[in-house]
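Dear colleague,

I am passing on a structure that I have been looking through, and the notes below it set out what I found. Please read them with the model open beside you.

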Amino acid sequence: MERIPILRMGQFLLVTIQVDMHDQLALQLQDDLTASIVRHGAKGALIDISALEMVDSFIGRMLSDISSMARVLDCATVVVGMQPAVAITLVELGLSLPGVSTALNVERGMSLLRTLGFQRNGE
Amino acid sequence: MTTTDLLASVLRKRSDALLAEWMNTQAAGLDGSARSRMTREELERECRQFLQLLSKSVQGGKLAEANTPETQALLRYLEELSRTRATQGFSSSETASFIFSFKQPLFVALRSASGKDADGLADEIWAATEILDALGLHTVATFQKAREQLINRQQRDLLELSTPVVSLWQGILALPMIGTLDSARTQIVMESLLQKIVETGSQIAIIDITGVPTVDTQVAQHLIKTVTALRLMGAECIISGIRPQIAQTIVHLGVDLQGVTTKANLADALAVALKRTGHSLNG
């Protein structure tokens with residue numbers, strides 16, 4: 001069964017979605033990511049969707065859900081590299097993903113994660 | 001079938017007389033502006049050509065089938081003619097009257113040719129009316145189509161014209177919007193802006209709506225969609241150039257622009273954008 005790899009970088013987790021998402025894969029990712037956050041005590045997760053060219057409402061909701069779940073587990077999430085077509089689709093579907101942090105590319109996403117983690121530590 | 005031959009023979013034998021009479025009818029009907037757009041010689045040439053094609057195409061009291069070469073040539077000629085008229089700025093009724101004004105001379109000629117046979121004349125006139133009506137309607141339909149094509153092309157030109165995305169600073173894009181926003185335009189604006197964000201890796205986009213005359217709920221909705229899409233991609237958006245009336249309209253409409261940074265003018269927006277990207281201006 002195919003899975004989306006979750007890589008650990010220090011206290012952050014890196015998820016790169018390189019294949020077309022289908023519902024089963026999305027649910028699997030949700031399971032794996034929440035488990036990994038708990039196992040590694042991760043403070044931040046970066047989800048790179050720059051290779052994702054098609055989304056439906058399910059995948060859109062999954063992104064939103066993962067981000068909420070991570071927040072409950074005290075882990076910041078940043079979604080990076082969304083394609084214009086994907087962004088337009090999500091907006092037209094009425095999914096504005098409130099509460100999900102976004103960045104243009106992985107580099108910006110990492111620096112945003114660090115700031116978010118820093119803010120939390122400061123609290 | 002004497003009736004059928006009469007129409008065809010009138011068209012063939014009396015074409016010169018018909019042409020002269022027709023020209024007179026049209027000259028009387030045209031107003032000054034139409035006359036200035038085309039000379040009498042041009043009109044005469046067109047009429048002569050139409051008569052020739054018509055007399056070839058009329059067989060047995062009606063038009064030959066649409067797929068015969070004669071009728072094809074006639075229809076094509078009319079299409080060409082109405083397209084030319086559409087681009088020359090003639091109105092649809094002026095174009096249609098080119099055909100319909102031919103009725104009078106034709107009926108007169110039929111009357112004189114049919115002698116005392118009233119029944120035969122009525123049949124002839126009915127047949128001729130049917131033919132000319134069909135041709136007239138075809139002309140108007142083509143005219144309309146040509147007009148629509150013209151309008152579509154102009155709309156496309158306008159769309160291309162009106163969506164420039166400019167780079168104001170490193171990492172700062174600006175989109176000066178001019179003219180009324182509708183769904184099609186906003187879609188194109190949104191796509192070109194998002195594409196440019198990906199290409200340049202810019203963090204901030206400023207949408208300037210100084211040139212947008214009115215904002216209604218739909219326009220506001222489009223703006224909010226664009227802002228949301230930008231945020232999803234990880235860029236920020238500032239809306240600038242909001243005029244006092246538009247600010248009032250937005251509030252009266254109950255549009256929620258909270259969560260969107262808005263500034264009164266482009267200069268203020270640029271200052272905010274520079275600050276956010278970490279640039280500073282001295283002096």
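In strand S3 of chain A, A:Ile47 is the bridge partner of A:Val15, strands being DSSP E runs of at least two residues and helices H or I runs of at least four, numbered from the N terminus. Strand S2 (residues 12-16) of chain A and S3(A) pair in the parallel sense over five bridges, where pairing requires that DSSP finds at least two bridges between two strands. Between S2(A) and S3(A) the chain passes through helix H1 (residues 23-40) of chain A in a right-handed β-α-β crossover, meaning that, with the strands pointing away from the viewer, the path from the first strand over the helix to the second runs clockwise.

This is a predicted model, in which local features need pLDDT of at least 70 and side-chain atom pairs count only at pLDDT 80 or more, while totals for chains, interfaces and linings use all residues. Residues are numbered from 1 along each chain as its sequence is written, with chains lettered from A and ligands numbered from 1 in the order in which they are written.

S3(A) also pairs in the parallel sense with strand S4 (residues 76-80) of chain A, over five bridges, and A:Asp48 has A:Val80 as its bridge partner in S4(A). The path from S3(A) to S4(A) runs through helix H2 (residues 57-72) of chain A, and this β-α-β crossover is right-handed.

Five of the five residues of S3(A) (residues 44-48) are buried, so the strand is largely enclosed by the rest of the structure; buried here means that 20 or more other C-beta atoms, placed from the backbone, lie within 10 Å of the residue's own.

Best wishes

Notes:
Buried ≥ 20, exposed ≤ 12 C-beta atoms within 10 Å, placed from the backbone.
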